[in-house]
Amino acid sequence: MPTTLPSDFADLEPFAEWAIPTEKARYDKRVASTMDELQAFYDAAFPRMEDALVYLEQYSMDDLPNDAKGLLWLYCSLVTVSFPVEVWRQPRVPDSGASSFDAVLEPAV
Amino acid sequence: MPHFAKPAEGSWTEHYPELGTEDVSYHDSISPEHYELEQQAIFGRTWLNVGRIEQLPKVGSYFSKEIDAVDTSIVVVRSSKDEVRAFHNICRHRGNKLVWQDYPGEETSGTCRQFTCKYHAWRYSLEGECTFVQQEQEFFNLDKSDYGLAGIQCEMWEGFIFVNFDPTNTTPLRDYMGELGKGLEGYPFGELTQVHKYRAEVGANWKLFIDAFAEFYHAPILHAKQSVSEESRKLMEVGYEALAYEIDGPHGMVSSWGGMAPPKDLDMVKPIEQKLRSGLFGPWEGPDFGEMPPGLNPARHKAWGVDSFVFFPNFMVLIWKPNWVLTYHYWPTSYNTHIFEGTCYFVPPKNARERLAQEMAVVTFKEYALQDGNTLEATQTMLESNTPVKTFPLGDQEVLLRQLHVTARRYISEFQQQSAKTPANA
C-alpha cells in the first residue's frame with residue numbers, strides 16, 4: 001500500500017513507492033532498479049528537496065504526521081539513490097561484488 | 001617533504017622501535033592453528049567490548065551476545081542492584097541456552113524480572129542466583145545456591161560495557177584502556193543516543209579488516225569512484241598523510257585531517273552533499289560539546305577531522321569533529337571469516353533536516369564499507385593461495401597495522417610461555 005504524501009508534494013506521488021521506512025528495503029529497491037528508473041526518481045525529487053526540508057521542519061521528530069513520515073522516508077530513499085545517479089552510473093557501488101552490509105538497528109523514523 | 005610533521009626519528013614507525021621496519025608475514029591471518037592460539041591467548045584473555053549502557057535502560061534490561069571467538073554466548077543484564085552483570089548464557093540444569101527467541105543462534109534483547117529456562121523452567125534472578133527448580137524434590141540434595149549462572153568479569157568504560165573471559169584476570173578495564181582510553185574520558189558518548197548499526201559477514205581474517213580501517217593510505221585509491229571526479233584526481237595526487245599516530249601498550253590511534261566537513265569549496269562535494277550539508281565526515285553542523293577531552297586531536301591541528309582509536313583486540317572508536325561517533329567491532333568466526341559491526345552514534349535529530357543529514361553520513365559509510373569488505377576477500381584468498389610472495393612491505397602510514405600484528409603475536413608468545421611454565425608450577 002503506497003504511502004500518501006502531503007498534498008504540497010502531489011507531484012511526487014508517482015514515486016510514492018520510494019517512501020520506504022527501512023534502509024535495507026530502500027537499498028534493495030535501488031539495487032533492483034535500472035539506472036533509468038533511479039534517474040527518473042532523482043530528477044523528480046532532487047529539485048523539490050529544499051521545499052520538503054522546509055515543510056518537514058515545521059514538525060519535531062516526535063510528532064511527524066504519517067504523510068510527513070512518508071515524505072521523510074522518500075527523501076531517505078533519495079539519499080540512497082543519489083550515489084549511483086550522481087557518481088557511479090550503476091546501482092551498486094563499484095568493486096563491491098556480492099558483499100552485503102545490512103542495517104540491524106536504525107531509528108524508527 | 002611531508003605535509004605534516006613526523007617525529008624526530010624521521011618516521012612514526014621508527015618512533016616505536018619495537019615495531020621494526022622490515023617486510024611482514026601475513027601467516028598470522030591464514031592459519032587455522034594460529035587462529036586457535038589467538039582464541040585462547042587474545043579473545044579468552046582481554047577485555048572485549050560487547051555493548052553500551054544505553055542498551056540496558058532499566059533494571060531487568062538484557063541482551064545476549066554470541067562470541068564465536070571464545071565459543072560461547074553470553075547474556076548481559078542490568079541487575080536489581082542497578083549493576084551491569086554478564087553471565088554465560090547457559091542453564092545450570094542440562095545446558096540449554098537460557099536466553100533466546102525462536103532461533104537459538106540469533107542474538108536477542110528485552111526486559112525481564114528474572115530469567116526462566118524454556119526447557120524445564122529453572123529460574124534465575126537478575127544477579128544470577130538460581131531461585132527456582134521445577135519439582136525440586138526429585139533432585140538429590142540439590143542446593144540451589146550451588147547452581148547460580150556462571151558469571152563473567154564485566155566492567156564499564158565511559159558507558160561501553162566490556163567482558164573478560166579470563167577468571168584470573170586482575171587488570172581493571174580502566175587500566176587496560178591505558179593512556180589512550182584516559183585521554184577520551186569525559187567525551188559525552190551518552191548524549192549520542194541516535195544509533196544506526198550495521199553488520200556484515202566478511203570472508204577475511206579479522207585483523208585484515210582492522211588493517212583496512214587503521215590506515216587511510218587506501219582511501220584516495222580504493223574509494224576514488226565515490227567522489228566527484230576532479231576531487232578524486234586531486235586526492236590521488238596528494239595521497240594520504242595522518243596528522244599524528246600514537247601507540248600505547250596494545251592500543252593505537254591515528255589522527256586525521258577533515259577537509260570535507262564543510263569543504264573549502266562546495267564544488268568539491270556531490271550535489272546532495274551540498275544540499276544536505278553532510279557526507280563521509282558527517283553532518284557539517286554538529287552539536288557543540290564545549291571543550292574536548294585532551295586525547296582528541298593530539299597534534300592540536302586546525303585541519304583536524306577525525307581520530308580513530310584501535311583498542312586491542314577488536315574494538316575501534318572514531319570520533320569526528322562534528323561530534324558524532326562510529327564504532328567498529330570485528331568478531332572472528334574462523335581463521336578466514338568474521339562478523340563486522342559498524343555503529344554510528346549521533347545526537348537525536350531535532351528535525352527532519354538533521355535526520356537526513358545523519359542518513360547521508362550513515363549511508364555514505366555503508367557504501368565505503370561495502371567496497372572495503374569486498375576487497376578484503378580478494379586479499380584473503382591471495383594470501384592463502386599458492387604463491388611465492390610471503391612477506392609484504394608496510395609503509396609509515398601503515399604503522400598501526402604493524403602494531404596490531406606485532407601485538408597479536410606477542411600475546412600468543414606470552415601465552416605460550418605461561419602455558420609452558422604451568423605444568424612445572426602445578
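**A helix, a sheet and one phenylalanine**

Let me start with helix H4 of chain B, residues 206-213, which is mostly covered: 8 of its 8 residues are buried. Keep in mind throughout that this is a predicted model.

Next, a sheet in chain B. The sheet is open, has 3 strands in the order E7-E8-E9, and its pairing is antiparallel. At the edges are strand E7, 115-116, and strand E9, 130-132, and each of these pairs on one side only. In general, strands of a sheet pair through backbone hydrogen bonds, either parallel or antiparallel. Here, E7(B) and strand E8 of chain B, residues 123-124, run antiparallel and are joined by 2 bridges. To find one of the partners on your screen, go to B:Thr116: its bridge partner in E8(B) is B:Arg123.

Now to chain A, and to A:Phe101. Where does A:Phe101 sit? Its place is in the loop between helix H4, 66-88, and strand E1, 102-105, of chain A. Is A:Phe101 buried or exposed? A:Phe101 counts as buried because 24 other C-beta atoms lie within 10 Å, and the cut-off is 20 or more.

Which residues does A:Phe101 touch? Leaving out residues up to four places away in sequence, A:Phe101 touches B:Tyr198, B:Ala200, B:Lys366, B:Ala369, B:Leu370 and B:Gly373. As for A:Leu74, A:Phe101 is 27 residues from it in sequence and 21 Å from it in space, C-alpha to C-alpha.

Key: Residues are numbered from 1 along each chain as its sequence is written. Chains are lettered from A and ligands numbered from 1 in the order in which they are written. This is a predicted model: local features need pLDDT of at least 70, side-chain atom pairs count only at pLDDT 80 or more; totals for chains, interfaces and linings use all residues. A residue is buried if 20 or more other C-beta atoms lie within 10 Å of its own, exposed if 12 or fewer, and partly exposed in between; C-beta atoms are placed from the backbone. Helices (H or I, at least four residues) and strands (E, at least two) are DSSP runs, numbered from the N terminus. Two strands pair if DSSP finds at least two bridges between them. Two residues are in contact if their C-beta atoms, placed from the backbone, lie within 7 Å.
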